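This report concerns a single protein model.

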Amino acid sequence: MVLNFITSHSNSVCKQVVSLQQRKHRKNTGLFVLEGLRSVKDALAAGWVPEYYMVTDDFLHQPGGEQLIVGLSETNVTGYRVTDPLMKKMAETETPQGLLCVFHQPVHDVNKIICNPEGFWLVLDRIQDPGNLGTLIRSAEAAGVSGIFLTHGSTDPYNAKALRAATGAVLHLPVVELTQEQSDCQFLFNAGIHMVGAALQKGKPYGQVAYQRPLALVIGNEANGIDQALLAKVESRVTIPMRGRLQSLNAAIAGSILLFHIAEMVHQ
């Protein structure tokens with residue numbers, strides 16, 4: 001196991017990892033960073049191969065640490081050994097575990113994702129909070145959706161906070177960032193996919209709706225709901241009855257409730 005040793009933050013590879021903390025650099029390079037033993041193990045188990053990885057000496061002495069690095073070395077992926085201060089500079093977690101991998105973002109074919117006549121999809125319209133986005137991706141994967149579409153203006157699914165909240169779900173589920181032109185989801189409408197939109201009002205209680213496959217659930221922006229151009233494609237609106245004194249739920253909680261209910265209905 002041969003690792004290149006880096007001690008300076010001026011090293012070009014270190015600079016790239018730090019730059020990937022910004023969305024514009026993730027977009028320009030098509031790369032993103034995964035941190036920690038569990039996340040990297042999940043990625044490797046799902047068949048993902050990193051562009052390169054960075055590790056500290058302390059990580060190699062953690063349970064399972066050396067075994068994972070030996071496995072990476074056998075795939076001929078370039079590895080770098082770095083100091084703890086360098087790892088802290090590159091990592092976005094407050095207490096990094098001493099391992100990060102740089103992966104290529106997958107490229108998905110929208111037409112292949114929506115070709116299932118029995119499919120169930122999730123559309124997230126301009127979700128702004130990375131924690132909400134990651135939680136919704138995690139819930140969608142657990143509910144068995146066929147793919148997720150993020151409209152233009154949504155937060156980045158490869159944001160470190162979103163990745164942590166998704167707990168690896170982005171590794172197993174197609175997540176597509178739509179262009180501005182695609183964000184009215186006309187392509188779903190053209191494919192005969194029924195769209196159901198989550199609403200605060202002017203909708204039917206979600207338990208009183210007959211859901212028909214293929215189907216896409218639309219969750220709108222935390223503050224403004226579903227964009228009007230997209231809302232025009234929605235066939236029915238559903239609400240979550242509120243029996244307490246609060247008027248609304250967090251987008252991630254509301255979306256998760258609807259995802260699991262609809263999944264149960266459409267998979268019967």
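The model is predicted, so local features need pLDDT of at least 70 and side-chain atom pairs pLDDT 80 or more, while totals for chains, interfaces and linings use all residues. Residues are numbered from 1 along each chain as its sequence is written, and side-chain values use heavy atoms, without hydrogens and water.

Seven strands form an open sheet with parallel pairing, in the order 8-7-6-11-9-12-10. Strand 8 (175-177) and strand 10 (204-205) are the edges; each has a single partner strand, so one side of each lacks a neighbour in the sheet. Strands (E, at least two residues) and helices (H or I, at least four) are DSSP runs numbered from the N terminus, and two strands pair if DSSP finds at least two bridges between them. Strand 9 and strand 12 are joined in the parallel sense over three bridges, and Ala198 stands opposite Val238 in strand 12.

Angles run from 0 to 180 degrees between N-to-C directions, with axes fitted to C-alpha atoms, for helices over the stretch in contact.

| Helix | Strands | Angle |
|---|---|---|
| Helix 8 (residues 130-143) | lies across strand 6, strand 7 and strand 8 | about 175° to strand 6 |
| Helix 12 (residues 251-266) | touches strand 6, strand 9, strand 11 and strand 12 | about 170° with strand 11 |

Definitions and conventions
Contact means heavy atoms within 4.5 Å.
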